[in-house]
Amino acid sequence: MEPFKYHVTQHKDGTYSVGVSIDQGYMTPDDFLVLAQLAKKHQVSTLMATTAKKISFMDVTEQAVNPLWEDLEQAFGNRLCFPKGKIIVCPGSRFCKFATPGKDNHALGRKIERISQAHDAGKIKVGVSCCPLGCAMPRVRDLGVLATAKGWMLTIGGNGGAKPGVGQVIAQDLSEEALLELLDKVYQYFQDNKTGKERTIRTVERLGIEHLKAAVLN
Ligand code: SF4
């Protein structure tokens, strides 16, 4: 059996879930028709909308995983998102009347995706919200990005798991360029300092927030 093209999750019955992110989860009606046709073609009985705004094909047979990915690539091309970890963006700049003027959290999400791909920092969830209300739940993500009238804010170390925690504000009033430079350093920091499958909140607890700040802030 050839290796799978992309990450999949195996289920208890031996089938796999294939989670696909198309334009960060903001899709057209025709996109949904294509997804439904591919589900039928590959004999998938259940589709799930995930918390990361992906559509997950839930019961894909081993033999169908790579053909399904090939069909998805052909249908959606570079609209497919492949962040390392997860990047969740709120409706913000495309749809929401509360979005901070002049901020584009959707374009920012794709830029953060490229930074994530350039590092090997393990499981990092990012919430990118276009106003302080935080509908992408940035404060309980490993990395939280929020737009304010003065610029972008970054929080680190949020977690919604068994031992939940709220992310700490690391920097605020940042330009987009400054935020992206900082995020590059933050991914590098966790690449260098995380152990095993440790989440960011545990790394920060182990090494201390000042250790992180000294490494990523000038
Ligand atoms: S975080 Fe703000 S901009 Fe984003 S969806 Fe919520 S209210 Fe709208």
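Let's start with I124. Is I124 buried or exposed? I124 counts as buried, because it has 24 C-beta neighbours inside 10 Å, and the cut-off for buried is 20 or more. Keep in mind that this is a predicted model.

Where does I124 sit? It lies in the loop between α4, residues 105–117, and β7, residues 125–129. Now look at what I124 touches. Leaving out residues up to four places away in sequence, the list is G85, S116, D142, L143, F190 and T200. Take D142 from that list. I124 and D142 are 18 residues apart in sequence. In space, their C-alpha atoms are 5.7 Å apart.

Next, the strands. β7 and β8 run parallel, joined by 4 bridges. Then follow β8 onward to β9, residues 151–156. These two run antiparallel, with 6 bridges between them. Here L143 has I156 in β9 as its bridge partner. β8 and β9 form a hairpin, and 2 residues lie between them.

Why is β8 described as largely enclosed by the rest of the structure? Because 5 of its 6 residues, in the run 143–148, are buried.

In soluble globular proteins, nonpolar side chains tend to be buried together. In this model, the largest nonpolar core has 35 residues. Which members touch the most other members? They are V126, V128, V145, L154 and V186. Helix α5, residues 176–193, gives the most to this core, with 6 residues.

Now zoom out. The domain assignment gives domain 1 as 9–81 and domain 2 as 86–216. Their C-alpha centres lie 26 Å apart. How many residues are in contact? On the domain 1 side there are 5, and on the domain 2 side 7. The domain 1 side divides into 3 nonpolar, 1 polar and 1 charged.

Last stop, the ligand. The residues around it include C90, C96, C130, C131 and C135. F98 and L133 are also among them. By class, the shell has 9 nonpolar and 3 polar residues, and no charged ones.

Note on methods: Residues numbered from 1 in each chain as written. Predicted model: local features only at pLDDT ≥ 70, side-chain atom pairs only at ≥ 80, totals over all residues. Core = buried A, V, L, I, M, F, W, Y, C linked by C-beta atoms within 7 Å. Buried ≥ 20, exposed ≤ 12 C-beta atoms within 10 Å, placed from the backbone. Domains from an automatic or database assignment. Contact = placed C-beta atoms within 7 Å. Nonpolar A, V, L, I, M, F, W, Y, C, P; charged D, E, K, R; others polar. Near = placed C-beta within 6 Å. Pairing = 2+ DSSP bridges.
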